[in-house]
There are 2 protein chains.
Amino acid sequence: MAREGTMLERFKVPAEDVVRVPEGSLRATVASIFERMGVAPEVAAEGADVLVMTDLRGVETHGVSNMMRVYVRQYNEGVINPQPNWHIVRETPGTATIDADRGLGILLGRQAMNIAMEKAQRVGIGVVTMFNSGHLGAVGHFALLAAQRDMVGMCMTAGGASVLPTFAAEGRLGANPISIAAPAKSEPPLLFDVATSAMAINKIRLAARTGVKLLPGWVATPEGVPIMEEIPAPEQGPNMVLPLGSTRELGSHKGYGLGLTVEIMSALLAGALPSMLDSTNGFKNYFAAYDIAAFTDVAQFKENMDKMLQKLRTTRPAPGHDRVLYPGLLEYEEEGKRRAKGIPLHKEVVQWFDSIAAELSVPRLKTM
Amino acid sequence: MAREGTMLERFKVPAEDVVRVPEGSLRATVASIFERMGVAPEVAAEGADVLVMTDLRGVETHGVSNMMRVYVRQYNEGVINPQPNWHIVRETPGTATIDADRGLGILLGRQAMNIAMEKAQRVGIGVVTMFNSGHLGAVGHFALLAAQRDMVGMCMTAGGASVLPTFAAEGRLGANPISIAAPAKSEPPLLFDVATSAMAINKIRLAARTGVKLLPGWVATPEGVPIMEEIPAPEQGPNMVLPLGSTRELGSHKGYGLGLTVEIMSALLAGALPSMLDSTNGFKNYFAAYDIAAFTDVAQFKENMDKMLQKLRTTRPAPGHDRVLYPGLLEYEEEGKRRAKGIPLHKEVVQWFDSIAAELSVPRLKTM
């Protein structure tokens with residue numbers, strides 16, 4: 001088993017290719033680009049916040065590097081709508097279903113989670129589903145909004161059909177990530193955010209750009225046979241990604257079922273078809289907020305969280321490992337470092353920003 | 001990769017050791033045993049229903065074979081309470097927290113899910129947490145109760161501390177299963193029910209009894225190093241079970257985080273400590289019901305489920321596999337077979353039933 005951080009190392013930008021960019025400059029440039037795409041200024045600032053926070057936390061697959069150029073292309077092609085007339089199509093005291101009108105998910109997610117939190121304050125729990133949206137970005141970002149308000153937050157998103165069911169030779173599910181966030185008293189909050197596929201599909205793009213290999217158990221042959229050795233990342237991305245668990249023996253039926261759970265909660269519960277049946281209907285999203293005070297004493301909950309998280313991170317490590325982590329701890333530490341030292345981008349990403357900044361007449365990125 | 005059903009085959013009772021028992025007889029004997037333990041007749045019948053339905057679905061790890069003798073011992077030792085004064089300690093329109101007063105979970109689960117469903121009918125979504133209970137059994141049983149009433153059901157349970165966090169040499173989490181059930185129109189319902197550990201811990205008992213080996217990636221050495229080869233099942237059960245994903249490279253941080261999610265939703269949200277901090281506080285449980293009509297049109301939802309489930313089970317299989325399944329399909333088929341042909345029990349289990357029947361003066365099992 002590899003040392004702690006190996007996977008992160010594998011996907012880090014090589015030192016010689018790093019350009020460090022201050023948070024504020026990245027925020028300003030990204031917001032300006034969204035405005036040029038036709039997005040209202042306050043919404044553009046929200047989109048910049050989602051992406052920059054994601055990069056600050058070190059979740060580079062879902063930050064500006066992979067995603068910004070995709071969003072610009074989708075606006076230019078009319079795939080997503082810069083001024084969506086998003087609206088609630090069905091509602092009860094604890095639930096709402098939103099038609100996103102092809103608005104970009106990262107720009108609408110906070111509003112959806114706000115609705116879930118308002119409902120949670122009134123009836124203890126709020127659940128919002130949203131269909132017909134663009135990409136939602138790092139789902140953990142929205143779960144964390146609830147944790148910042150003494151709630152437990154959950155967020156999931158369904159879209160795509162490149163992940164194989166167990167025993168299958170054809171992709172049927174998206175990477176379909178699940179996130180949960182919960183506040184503690186003194187410890188950094190728990191923030192869990194993972195794809196239900198064996199790997200985040202974005203990692204393949206990142207791997208192709210950085211030249212790293214894919215690990216055993218991540219993808220299958222075109223016939224659906226799991227590849228249990230290292231292979232180079234395919235240039236165009238595979239359409240044969242394995243579910244979490246990789247093989248039936250290791251538990252791929254669990255990853256497959258979790259991916260299906262996300263389809264049901266995000267797509268079917270929003271009245272939408274999963275991507276396996278409609279490849280044109282974008283992303284389907286799920287937001288839930290649990291008001292902790294509705295269930296138990298908030299101060300006690302946070303103290304119990306502290307005790308549990310401390311117990312976990314002081315657990316005796318296995319040979320070859322420095323420490324045991326809990327979900328969100330590394331990201332919290334990384335956020336502190338990157339706020340101080342800047343966000344490391346690949347020089348090729350900065351070049352793209354320079355060219356789009358010139359094209360759209362928006363501020364260029366500052367570097368550190 | 002093994003053929004479909006290999007894992008089930010591995011844990012099936014060997015043909016020469018099988019005794020087939022009719023559903024009705026098993027139900028009557030199990031209910032009578034619960035009554036002898038001091039449980040009220042209508043509650044005893046509920047417990048028999050949970051266990052027998054679990055055996056009918058072929059989920060033998062959580063049916064009578066492994067569990068009935070454990071429950072009898074726990075009643076005899078006073079660990080669980082046959083007549084609990086279970087009660088709601090906090091409540092809002094969408095939520096409730098229940099103190100189970102050491103009642104056996106399988107006997108209280110339906111009532112907890114009923115409360116969640118009543119809340120869902122009023123405010124769209126209902127969530128119930130329950131602390132201080134005995135074993136909850138197969139969590140999918142309770143999720144399915146919601147699916148039978150045009151709702152999406154979820155159920156989870158936390159208890160135990162034998163599953164390792166990623167990189168750890170000490171167990172911290174229980175097997176912490178997650179279940180979801182959703183109705184379709186003509187297809188058997190989706191019923192997903194899996195441990196967030198690499199294997200259900202009960203399977204180790206079953207493996208020791210049936211003499212089968214444990215697969216690679218299921219357990220670790222006492223130092224916390226994942227064992228990636230087949231080994232015999234330890235007699236006393238290991239205290240070093242790996243999370244789903246087995247190694248960091250294959251995604252053990254995902255299984256670990258899912259297990260923690262179950263701790264937060266089931267234990268901490270109920271105001272209780274996880275087992276890693278209090279090994280004496282039994283099981284902590286989570287029940288959620290989503291009223292489909294609160295989100296979208298019920299008939300449309302069920303038609304979409306049919307389309308999705310048909311698409312999945314008609315997906316082209318990988319070489320060596322007959323077909324692609326969806327969660328709950330095999331269990332549905334097995335239920336039909338076992339209702340007709342009886343429930344296959346290991347002869348040693350039937351011997352135990354015979355001896356306890358004599359001891360307690362309850363009806364012996366009939367055999368087919």
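Start with A:A116: leaving aside residues up to four places away in sequence, A:A116 touches A:G126, A:V127, A:V128, A:F287, A:A288 and A:A289, where contact means that the C-beta atoms, placed from the backbone, lie within 7 Å. This is a predicted model, so local features need pLDDT of at least 70 and side-chain atom pairs count only at pLDDT 80 or more, while totals for chains, interfaces and linings use all residues. Residues are numbered from 1 along each chain as its sequence is written, and chains are lettered from A and ligands numbered from 1 in the order in which they are written.

A:A116 also turns up in the largest nonpolar core, which has 251 residues; A:A116, A:A143, B:A116 and B:A143 are those with the most contacts inside it. A core here is a set of buried Ala, Val, Leu, Ile, Met, Phe, Trp, Tyr and Cys residues joined through C-beta atoms within 7 Å. Buried means that 20 or more other C-beta atoms lie within 10 Å of a residue's own, exposed means 12 or fewer, and partly exposed is in between, with C-beta atoms placed from the backbone.

In chain A, seven strands make an open sheet with mixed pairing, in the order β2-β3-β4-β10-β5-β6-β7. β2 (87-92) and β7 (190-194) of chain A sit at the edges with a single partner strand each, so one side of each has no neighbour in the sheet. Neighbouring strands are turned by 10 degrees against each other on average, direction ignored. Helices (H or I, at least four residues) and strands (E, at least two) are DSSP runs numbered from the N terminus, and two strands pair if DSSP finds at least two bridges between them. Strands β5 (residues 151-158) and β10 (residues 283-291) of chain A run antiparallel and are joined by eight bridges; A:V152 has A:Y290 in β10(A) as its bridge partner.

Helix α5 (residues 105-123) of chain A lies across β3 (95-99), β4 (125-133), β5 and β10 of chain A, at about 155 degrees to β4(A). Axes are lines fitted to C-alpha atoms, for helices over the stretch in contact, and angles run from 0 to 180 degrees between N-to-C directions. In chain B, α5 (residues 105-123) holds B:M113, which counts as buried because it has 27 C-beta neighbours inside 10 Å. Not counting residues up to four places away in sequence, B:M113 touches B:F142, B:L145, B:A146, B:G153, B:F287 and B:A289.

How do the two chains relate? Chain B can be laid on chain A with an RMSD of 0.0 Å by a turn of 180 degrees and a shift of 0.0 Å along the axis. The copies are thus related as by a two-fold rotation axis, judging by a least-squares superposition on C-alpha atoms of residues with pLDDT of at least 70 in both. The C-alpha of B:G245 is the one in chain B nearest the axis, 2.6 Å from it.

The contact takes 77 residues from chain B and 77 residues from chain A. On the side of chain B that touches chain A, α10(B) gives the largest share, eight residues. That side divides into 45 nonpolar, 20 polar and 12 charged residues, with Ala, Val, Leu, Ile, Met, Phe, Trp, Tyr, Cys and Pro taken as nonpolar, Asp, Glu, Lys and Arg as charged, and the others, Gly among them, as polar. The copies meet through the same surface, because 100% of the interface residues of chain B are also interface residues in chain A.

Technical notes:
Two residues are in contact if their C-beta atoms, placed from the backbone, lie within 7 Å.
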